[in-house]
Amino acid sequence: MERIAAADYHDLVQVSDPRVAPDGDGVAFVRTVPDDGEAYEASIYRVPLEGGDPERFTREAGVDSQPRFSPDGDRLAFVSSEDEDAQVWVVPTDGGEASRLTDVPGDPEDLTWAPDGTRLAFTQRVTATEREAGIDRDRANADADDYEREPPDPAVIDRTVYRSREDRWFHGTHRQVYLLDVADGTVTRVTAEPVEHGAPAWGDETTLYYVAQRGEDPDDSVAYDVDAYDTAAGEAEQVFTTTGFPEDLAATADGRIAHYFSPEEQAGLRQGQVHVYDRETGETHTATAPVDRQAGAFQWGPDDESLYVVTPDEGRDALHRLDWTGAAHEVVHREGTLEAFHVGEDRVAFVQSQWDHPGDVFVADADGGGAERLTDVNRAYLEAHAVAEPEELVFESDGHEIQGWVLTPPDADPDETHPLAVEIHGGPHIMWSTAGSTWHEFQTLAARGYAVFWCNPRGSAGYGADFMAANERDWGAVTMADVLAGADLVAERDDVDADSQFVTGGSFGGYTTGWLVGHTDRFDAAVAQRGVYDLLGFYGATDQAYKLVEWDFGTTPTDEPEFLWAHSPVAHADEVSTPTLLLHAEEDYRVPVNDAELFYRLLRTNGVDTRFVRYPREGHDLSRGGEPAHVVDRIERIARWFDGYSPHHDAAPALERGAGADLTAPED
């Protein structure tokens with residue numbers, strides 16, 4: 001069988017956003033494949049619940065997303081984008097051509113049908129000028145033909161947070177809520193305040209809920225209001241105010257509103273919960289009270305009495321069904337990495353990846369059990385390639401139990417030893433498993449002869465509130481202790497060469513990689529990716545993630561500059577001797593590139609073997625959804641940098657191949 005390679009990314013199919021049809025006979029989902037080195041083709045497919053091959057539901061051209069069945073299932077709404085022009089479309093489910101219903105400037109998101117099927121709510125990001133001229137409702141209202149929004153020159157900043165993690169500047173825009181009449185395409189503006197709105201969710205057929213971030217400085221707070229808009233009267237009222245991250249709402253016809261809650265103090269260290277506000281009684285219930293886990297996506301069940309909530313859970317994702325008052329819960333499904341889910345009348349569909357495949361559509365009974373795999377989108381590829389199976393490890397670090405895994409090369413000679421590649425997750429408060437977005441990278445490194453180790457150190461979600469908060473005010477030493485304890489265990493194996501070890505990680509994992517090379521010389525080479533290397537500079541340059549410094553370290557650059565400097569990898573750059581490659585995206589606004597620029601300059605001036613690779617047109621999610629050629633290039637560069645310092649590979653170090661030499665592997 002063939003071994004997995006970085007370039008195989010072009011052959012891998014991704015699936016996302018499953019939606020159970022109201023008639024219960026199928027599941028719609030988005031199927032995405034690389035189109036070329038720079039773009040993707042994404043179409044909506046439908047797979048029968050009783051089994052069978054998926055069928056394309058929308059045309060091949062462009063990028064389709066957000067499939068949403070109408071309440072009676074006779075139509076499917078979706079967003080389609082060609083040449084970066086995203087608009088709302090609707091197609092009959094029994095056949096026929098799709099119709100474009102909008103011509104708006106702000107990239108529609110958050111599609112949701114009204115219960116009577118006559119309207120769609122959506123959000124888009126628009127300027128005050130576009131609202132005043134009516135361009136936000138229809139670009140035909142512009143004075144000139146073919147209206148295109150132009151970025152201001154110069155850009156005048158008047159907000160605390162003025163750009164987002166993925167290469168987007170706000171430039172005077174705010175997200176607003178709209179209603180679309182499906183019959184005639186009329187767009188009605190629901191909100192107009194110069195604040196951020198989002199998460200539209202229908203209660204009954206005349207009540208639309210949404211969130212609004214108000215206050216003296218909404219960007220500097222996690223407080224948000226939930227409003228109710230009466231579509232018949234055209235009026236809104238504020239229902240309640242809460243704190244957390246206003247990404248989702250889910251409402252019932254009788255006025256119960258599920259929403260995400262996190263305490264305002266130390267929000268990044270605290271497990272988020274799902275709260276339910278009852279408009280009739282004015283009471284709030286914690287639906288996730290029985291579950292000591294970080295709450296993720298949630299949805300009301302068909303009876304409007306149960307809530308379905310995803311949580312990380314000890315290296316797996318669990319789908320819970322909870323009583324909305326918090327009285328009881330049960331686990332519906334717990335396996336692999338659950339990327340997205342949708343509850344139908346009696347079935348729940350979800351996208352799940354596991355160690356032996358990078359993701360497919362599954363379906364299970366809504367009351368638990370009976371999980372079936374509906375798609376096998378990468379069957380031909382997987383049948384032709386050797387996939388390594390990870391081995392779970394549980395080890396102790398400073399009196400704490402840590403879960404990790406090791407992946408060794410497939411079909412390896414038992415008498416051979418392998419260099420060790422240590423991978424460190426980002427977040428910092430996320431959880432890794434044996435699947436998910438790391439599947440291709442880890443399998444590629446194993447196929448190239450590395451034993452790959454990863455774990456969930458203290459600070460990770462999925463192991464309870466105390467564990468998640470265990471790296472408070474100390475990202476570096478705590479994570480380092482746990483990662484090295486696991487690496488020590490793996491290095492004792494007979495099939496691992498303890499004298500040949502490497503390390504890499506991205507975002508918080510990049511921070512930890514930078515911290516490690518400044519505090520130990522055990523690694524032969526390192527690749528630090530999109531890392532936070534300077535906490536003071538990060539605080540000023542990042543998007544809303546500057547709150548991480550306040551939450552996790554309990555301070556600011558003004559209050560404790562020396563403390564934050566001492567906890568920054570760049571403060572220890574003069575101790576680095578490990579050859580270190582830096583990878584960063586030029587339009588990363590979660591961890592801006594200046595962090596890598598400073599670290600690179602210090603490594604160079606201290607004589608460390610280093611190179612700095614910058615990816616144009618990319619943001620913080622390069623590794624998960626960047627241009628296909630860049631996704632491949634990143635994995636190849638990691639492997640080639642390691643190869644150059646590994647006695648197990650016949651490759652010269654990059655710096656010996658001449659200034660500016662390409663680091664990528666030669667074509668086979």
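Guide: What follows covers the helix pair and then the nonpolar cores.

This is a predicted model, in which local features need pLDDT of at least 70 and side-chain atom pairs count only at pLDDT 80 or more, while totals for chains, interfaces and linings use all residues. Residues are numbered from 1 along each chain as its sequence is written, and side-chain values use heavy atoms, without hydrogens or water.

Helices here are DSSP runs of H or I with at least four residues, numbered from the N terminus. Helix α5 spans residues 475-491 and helix α6 residues 508-517; their axes come within 10 Å and cross at roughly 85°. Axes are lines fitted to C-alpha atoms over the stretch in contact, with angles from 0 to 180 degrees between N-to-C directions. α5 and α6 are therefore roughly perpendicular to each other, a label for angles of 65 to 115 degrees.

On the α5 side, Trp-475, Gly-476, Ala-477, Thr-479, Met-480 and Leu-484 meet Phe-508, Tyr-511, Thr-512, Trp-515 and Leu-516 of α6; contact means heavy atoms within 4.5 Å. By class, eight of these residues are nonpolar, three polar and none charged. Ala, Val, Leu, Ile, Met, Phe, Trp, Tyr, Cys and Pro count as nonpolar, Asp, Glu, Lys and Arg as charged, and the others, Gly among them, as polar.

The largest nonpolar core has 74 residues, and those with the most contacts inside it include Leu-420, Phe-453 and Trp-641. Its largest share, seven residues, comes from α5. Another core, of 15 residues, lies apart from it and includes Val-79 and Leu-180. Such a core is a set of buried Ala, Val, Leu, Ile, Met, Phe, Trp, Tyr and Cys residues joined through side-chain atoms within 4.5 Å, where buried means under 20% relative accessible area with a 1.4 Å probe, protein chains only.

Conventions:
Helix = DSSP H or I, 4+ residues; strand = E, 2+ residues; numbered from the N terminus. Parallel < 35°, antiparallel > 145°, perpendicular 65-115°, else oblique. Buried < 20%, exposed > 50% of the residue type's maximum accessible area, 1.4 Å probe, protein only.
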